[in-house]
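My notes follow the structure.

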Amino acid sequence: MVVRTYEEELKFFEKVSPYSWKIKKGFQPNMNVEGLFYVNEALEKLMFEELQVSCREKDSGGFLPGVKQIANVAGLPGIIGHSIGLPDIHSGYGFAIGNIAAFDMDDPNSVVSPGGVGFDINCGVRLIRTNLFEKDVLEIKDKMAQNLFDNIPVGVGTKGVIPMSKNSLDEALKLGMDWSIKEGFAWPEDKEHCEESGRMANANPLKVSSKAKQRGMPQLGTLGAGNHYAEVQVVDKIYDEPAAKKMGIKEADQVCVMIHSGSRGFGHQVATDALADMEKAMKRDKIKTNDRQLACARITSTEGQNYLQAMACAANFAWVNRTSMTHLTRQAFAKQFNMSADDLDMHVIYDVSHNIAKIEDHTIDGKPKKLLVHRKGSTRAFAPNHPLIPADYQEIGQPVLIGGTMGTCSYVLTGTDGAMSETFGSTCHGAGRALSRAKSRRSLDHKEVLSKLKKQGIAIRVASPKLVTEEAPESYKNVTDVVNTCQAAGISKKCFKLRPIAVIKG
């Protein structure tokens, strides 16, 4: 392995716009395409500091700097365009979190890699509007936080309140949100405002291990732990009034609920099972990667197809999970305000995934191409008039939900033509970690974090005190920096900003 100084490493980087950098071939071995990442001045400093530390210490605790992970992904067979890093990028398993990579379906060597999706398959965000305003909830926000905490199971090892049998689980894995509607846990119109209408059609429960099903069976309708949350938020600022109105947001101070969760232990097991299978497939098919965490299989191989069908099951599980928590949220609000959820106008604005791989049509060098797009810590951001956008959002582009960190603002964006041409119709997904969980626990005090949130007027209910330090705002990049960078680069457009008034976490 070639060891270079930080100054030697910098020769492989070229600034190509005020908000983007190119990573030249040769930075990591066997790069088939160049890397590309988006940053503003503050985020740029973080990216290069991480690289400098890795050059100095030679030990990054098992994870490479984000720029090296982008470059390693650029070495995967069949990759097309660029390996792309978004402003919220940080180190992850194989792929960085905030990394996009697309693979040419016409290339027989193209691969699918579970590391490009992540262990929490279809981790995503759902936003529910209400016709309430901040003045309606200000005096009862502590009670609201407690009601949500009591209604939605949170934390590690919690069991859901949605009754499941083996047969009903298989049906949910196959049907996604259509199962939720059939069972009375969702409104029929909910799926109209959900990516893929809440169902990936290629899901095959026969490709999922019994261990994954055992882990998933008790977990439907549970929030989980880590960075997952349910927040009561108020609209803080509207940037694009016509687009906001299309989403049912008429003025500032309107109350919404944001739910951030994924496929729980089910998705984790699907990813774990696939990685083991793919390591064997790589030996058989003589596929070489720069990092063993980039285990992959040819898309057309048995292992590749099995993973895509099992991954679709996990995606459907996650949509049913967020739908089940929407049902529980509607119940909590109905009880709190002694009104039906319908009378409270608790409609889903949108539901997006930010850990998934999908076969999509894109234009590359003026030619239509069918691609397998891996989005890990990245959100789809299709431009106006795209056929996969809901009918009532055709004029504005796909809504993009960007969750902030505990106690900070969140954003709703819309997709752009720039995203279609530069990032395979993708943009950021959140703030992105700046400190590891271990470093957060060492450097922050949970009592101080809670005190600061209280001073901000935020009611919080959390199952685990150690989680407070891991998820403190100081542990993350500035979400406004991330969102502004994506807007300045033209890959998404700000619609409105939300701030939390009540937070529940695992």
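Entry 1. I started with the record: an unreviewed UniProt entry gives the annotation "binding site" to C123, H260 and H354. These residues are spread over 232 residues of sequence, yet they cluster in space, with a largest C-alpha distance of 10.4 Å. I keep in mind that the model is predicted.

Entry 2. I looked up C123 and found it in the loop between β6 (111–112) and β7 (124–133). Is C123 buried or exposed? Its relative accessible area is 4%, and buried means under 20%, so C123 is buried. Leaving aside neighbours within four places in sequence, I listed its contacts, among them H228, R322, H260 and H354.

Entry 3. I moved on to H260, which is in strand β9 (residues 254–261). H260 counts as buried, at 6% relative accessibility. Residues up to four places away in sequence were not counted; H260 then touches C123 and H354, and also L223, N227, H228 and Y229, among others.

Entry 4. Next I checked R375, which lies in strand β13 (residues 367–376). R375 is buried too, with a relative accessible area of 2%. Which side chain does the side chain of R375 join in a polar contact? I found E360, at 2.9 Å. A polar atom of the R375 side chain also lies 2.8 Å from the backbone oxygen of F424.

Entry 5. Last, I looked at helix α10 (residues 264–285), which has 22 residues. From first C-alpha to last, α10 reaches 32 Å, close to the 32 Å expected at 1.5 Å a residue. K286 follows α10, and its phi is positive, near 55°.

Key
Residues are numbered from 1 along each chain as its sequence is written. This is a predicted model: local features need pLDDT of at least 70, side-chain atom pairs count only at pLDDT 80 or more; totals for chains, interfaces and linings use all residues. Side-chain values use heavy atoms; hydrogens and water are left out. Helices (H or I, at least four residues) and strands (E, at least two) are DSSP runs, numbered from the N terminus. Buried means under 20% relative accessible area, exposed over 50%, partly exposed in between (1.4 Å probe, protein chains only). A polar contact is a pair of N or O atoms within 3.5 Å; within protein, one must be able to donate a hydrogen and the other to accept it, and residues adjacent in sequence count only if both atoms are side-chain atoms. The expected span of a helix is 1.5 Å times one less than its number of residues. UniProt positions are given in the numbering used here, feature names are shortened, and annotations may be inferred rather than shown by experiment. Contact means heavy atoms within 4.5 Å.
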